[in-house]
Amino acid sequence: MRVELRKRLKFEAAHHLPMAPEGHRCRSVHGHSYTVEIAVAGEVDPNRGWFLDYGDITREFEPIRLMLDHKHINDVPGLESGTAESLAIYIYRKLKGSLPGLLEVTVRETESSSCTYRGE
Ligand SMILES: [Zn+2]
């Protein structure tokens, strides 16, 4: 049987949006408590009764978290735009290949604003 698992992980970081229009409040450096939701899908192993250990998702994300946590996101090569879109794509590409059944990555900047990337 096929299942979908989701794991929410957090980090805190600063960013700004240099391409935002003049006067846009996000042109200024500010911070977010980011939530990243990583979704994977696959078949349940009938012997173990699970598809994947949630801890595997946490472990695969940890090097990425260490790169981003309490950093200025725009300083990370590939994340110069500082957007949630660039973060979701960046994290997806970093996890693809190492995390079985990767389905999508959602980056939430605030309670009401998030971006999901599912690959091409
Ligand atoms: Zn922001």
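**Ground rules.** I am working on a predicted model, in which local features need pLDDT of at least 70 and side-chain atom pairs count only at pLDDT 80 or more, while totals for chains, interfaces and linings use all residues. I number residues from 1 along each chain as its sequence is written, and I take side-chain values from heavy atoms, with hydrogens and water left out.

**Overall layout.** I counted 2 helices and 4 strands in the chain, with the order β-β-α-α-β-β from the N terminus on; these elements are DSSP runs numbered from the N terminus, helices being H or I of at least four residues and strands being E of at least two. The C-alpha trace spans about 55 × 25 × 25 Å along its principal axes. Of the 120 residues, 39% are buried, where buried means under 20% relative accessible area, exposed over 50% and partly exposed in between, with a 1.4 Å probe and protein chains only. I also looked up contacts, meaning heavy atoms within 4.5 Å: of those between residues at least 6 apart in sequence, 63% join residues at least 24 apart.

**Zinc site.** I looked up the zinc ion next and found it coordinated by the NE2 atoms of His15, His30 and His32, at 1.9 to 2.0 Å. Donors here are N, O and S atoms within 2.8 Å of the metal (3.2 Å for Na, K and Ca), and water is not among the atoms, so sites may look incomplete. Along the chain the donors follow the spacing H-x14-H-x1-H. His15 in strand 1 (residues 2–15) and His30 in strand 2 (residues 30–43) are 15 residues apart, and the pair links distant parts of the chain. I note that His15 counts as buried because its relative accessibility is 1%, whereas His30, at 23%, counts as partly exposed. Leaving aside residues up to four places away in sequence, His15 touches, among others, His30, His32, His72, Gly82 and Glu109.

**Helix 1.** I compared the span of this 15-residue helix with expectation: the distance from its first C-alpha to its last is 21 Å, close to the 21 Å expected at 1.5 Å a residue, the expected span being 1.5 Å times one less than the number of residues. At the start of the helix, a side-chain oxygen of Asp53 comes within 2.8 Å of the backbone nitrogen of Gly55. Where does helix 1 bend, and by about how much? I placed the bend at Glu62, with an angle of about 40°, and Pro63, a proline, follows within four residues; the angle is taken between axes fitted to the seven residues ending at a position and the seven starting there. Ile57, Phe61, Ile64 and Leu68 are buried in helix 1, and their cover includes strand 1, strand 2 and helix 2. Just after this helix, His70 has a positive phi of about 55°.

Gly97, which follows helix 2, has a positive phi near 100°. Lys96 sits in the loop between helix 2 (84–95) and strand 3 (102–110), and I class Lys96 as partly exposed because its relative accessibility is 47%. Lys96 and Gly119, 23 residues apart in sequence, are 9.1 Å apart in space from C-alpha to C-alpha.

**Cysteines.** Cys26 counts as buried at 18% relative accessibility, and Cys115 is buried with a relative accessible area of 16%.

Conventions: A polar contact is a pair of N or O atoms within 3.5 Å; within protein, one must be able to donate a hydrogen and the other to accept it, and residues adjacent in sequence count only if both atoms are side-chain atoms.
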